[in-house]
Every structure is written in C-alpha cells, then in structure tokens.
Amino acid sequence: DPFLLWGLEMGWEKETIPTIDQLLTVQKNRYKRTKILTAVNEDSLDRAPYFLYYSIYADGKTWTAINHRKAYPQYRSLSTKAAFAWNALKPNDSYTQQLQEKVQNLADVNKGYFAGRFENPSLGINKSLNINTNAVILESLLYKIRQTPLVRS
C-alpha cells in the first residue's frame, strides 16, 4: 500500500521511481518464472487469520504472506487493490494490464470489490469485502480519469 498510495495520492518523486520500477519488475519476473500473476499487498481475508501482509520479502523469506505471529503461504493472493493501483499508475505496461484484467470482475455488484484471488486455484476468490480494498480502487479510478495524483501541489 505505501508505495502505491504515494503514487496515487501525491505522485512519486523522481528519486523514488527506480525503486518503484524495481518493485514492479520483481513481481513481473516472478510471473515469468512461475506463471502466477503477482501483485503483493496487505489484505483482509475471508477466513482466519483475517489479515495478512503478502510481501516480496519479509521475515527472511521471499513471497510470504504473514501476520505478526506466523506465515500463511497457502493464502498468497493476487490483490485486487494492488492490481487496480499498478494499472492506474502504469497504464501502458502490459503486465499491469494483465493484472487489471484478472481482477476486473472480482466484485459483488451491490457491495463492491473482493480483496483478491488466492494463488492456489482450489481456494478461489478471497471474498473479503472491505473499505481498504474499495477505497484504493476508487482512488485508482479517479487517478486514471484525472491522469494526475489526487493531491496537486
């Protein structure tokens, strides 16, 4: 969330763009290697432990979904809000377009977007409906329309 919200809300500073690009590149590289679309983020879950941080690197491990107590690798997921945000910030990138397409319809038309899709196909959709996911999606859509960060200097 922090890097994506920074881009959506205030815009990235020139000095941070190489770091941002690297964050996206490592996720693209994981996809090239595994064929698993990857957009890591913190997300609510529709089951215990109900909230996890899915990270590129955390607690000495790569691609781990963790909370403050332990890892839950079985709950790694493609984050809906991360997919929307990456695509808003980098709309001409074919990978971010793939991310957006994969999560575009993960919604309940009366309640909003679900948190994501588990990487393990047998687990299906992470059907958590939460304000965090939907707020980032709304910010992403506004960013796309305005084509500028939400806070203008």
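**A close look at one loop and a nearby topic**

Guide: Before the details, please note that this is a predicted model, in which local features need pLDDT of at least 70 and side-chain atom pairs count only at pLDDT 80 or more, while totals for chains, interfaces and linings use all residues. Residues are numbered from 1 along each chain as its sequence is written, and side-chain values use heavy atoms, with hydrogens and water left out.

The protein chain has five helices and seven strands, where helices (H or I, at least four residues) and strands (E, at least two) are DSSP runs numbered from the N terminus. Our part is the loop between strand 1 (42-44) and strand 2 (51-58), where Pro49 has its place. The peptide bond that leads from Ala48 to Pro49 is cis, with omega near 10°. Tyr50 is found in that loop between strand 1 and strand 2 as well, and its phi is near 75°, a positive value in a residue other than glycine. Because its relative accessibility is 52%, Tyr50 counts as exposed; here exposed means over 50% relative accessible area, buried under 20%, and partly exposed in between, with a 1.4 Å probe and protein chains only.

Trp63, found in strand 3 (residues 61-66), also has a positive phi in a residue other than glycine, near 50°. Trp63 has a relative accessibility of 12%, so Trp63 counts as buried.
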